[in-house]
Amino acid sequence: MQMGFSMAGAFVGSHFFFRDFHHSSPNLPSLYHSFKLLPVFKFKPRQRRIACCKPEFYQFEERTSPNQVKEEIKQCYELIHRLGRGVVYLGSSRMGPTHPHYLQALELGREIASLLDCTSWTGAGPGLMDAAIKGALQAGKPVGGFKIGKEAGDWTSSNHHPYLPSETYLTCRFFSARKHGLVDAAVRNKKSDRTAVVALPGGIGTLDEVFEILALIQLERIGSELPVPVLLMNYGSFYSKLLDFLDACEDWGNCRQG
């Protein structure tokens, strides 16, 4: 079956892996054994910038109590415990059903769900997240999600998913809780867990999530004992310049192989 997509690379455990699937479907049941080993990039710590939400939607007093965030993280973990860990999809909320990347993501979601027989997790938003969800549903496999209010793209005014049952996703108030959920859904607690992180084309939010996960892997906070594959889907060479940027960082000494 010709899927017509390519994967730029994958950080797995403490290594960087590369595999090109542009011309044929990946043999995903052997996902943890089929990658060519390349050196890993070691990133220097970077400062974080704080972005504020618009006060008319999120009231700032909601964030004054750490217990509220703690409770939402607990709800994320409870949802994961109920639905099971699996493959986490990160990607743009702005690429709709007519976009070629949407069709590729839908096919990928269907293939991975069928081959790995696991839960598919997303941010439960529109765009490529929606494509991965529909692909998994077409395969007859469970899905779960962590939605954030006022998602970019088509679903800007509702905190509810248009077709998923309410018991399969959580609408988060706090981005920090949502990120905890997305990371924990991919963590392997035992060798039989079939998990991965799939980075579809996306913008600032997608890159934020991808690099946070990569930083956790680099610092051996996750994936140190049981590696978690991270796949960068280079549809239409979307991520080629990002890979060039990482090469430039290595040339300037901002990251290193090792």
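These legends accompany close-up views of a predicted model.

**View 1. Confidence along the chain.** Two stretches call for care. Over residues 1–25 pLDDT stays under 50, and the model has 92 contacts beyond four places in sequence for them. Residues 32–61 also stay under 50, with 67 such contacts. Where pLDDT is low, the predicted coordinates should not be read in detail.

**View 2. The largest nonpolar core and its neighbour.** Here you can find a core of 29 residues, in which Val88, Leu90, Trp121, Phe146, Val197 and Ile213 have the most contacts. Helix H5 (residues 204–218) gives the largest share of this core, 5 residues. Zoom in on Ile213 and you will see it touching Leu90, Val183, Val197, Ile222 and Val230, leaving aside residues up to four places away in sequence. Another core, of 19 residues, lies apart from the largest one and includes Tyr102, Leu108, Ala131 and Ala196.

**View 3. Strand S7, covered on both faces.** All 6 of the 6 residues in S7 (residues 143–148) are buried. Val143, Gly145 and Lys147 lie on one side, with Gly144, Phe146 and Ile148 on the other. In a regular strand, side chains alternate between the two faces of the sheet.

**View 4. The strands paired with S7.** Strand S6 (residues 119–122) pairs with S7 in the parallel sense over 3 bridges, and Thr122 stands opposite Gly145. Between S6 and S7 the chain passes through helix H3 (residues 128–138), making a right-handed β-α-β crossover. Strand S8 (residues 169–172) also runs parallel to S7, joined by 4 bridges; here Phe146 stands opposite Leu170.

Notes
Residues numbered from 1 in each chain as written. Predicted model: local features only at pLDDT ≥ 70, side-chain atom pairs only at ≥ 80, totals over all residues. Heavy atoms only, no water. pLDDT = per-residue confidence, 0-100. Contact = heavy atoms within 4.5 Å. Core = buried A, V, L, I, M, F, W, Y, C linked by side-chain atoms within 4.5 Å. Buried < 20%, exposed > 50% of the residue type's maximum accessible area, 1.4 Å probe, protein only. Helix = DSSP H or I, 4+ residues; strand = E, 2+ residues; numbered from the N terminus. Pairing = 2+ DSSP bridges. Right-handed = clockwise from strand over helix to strand, strands pointing away.
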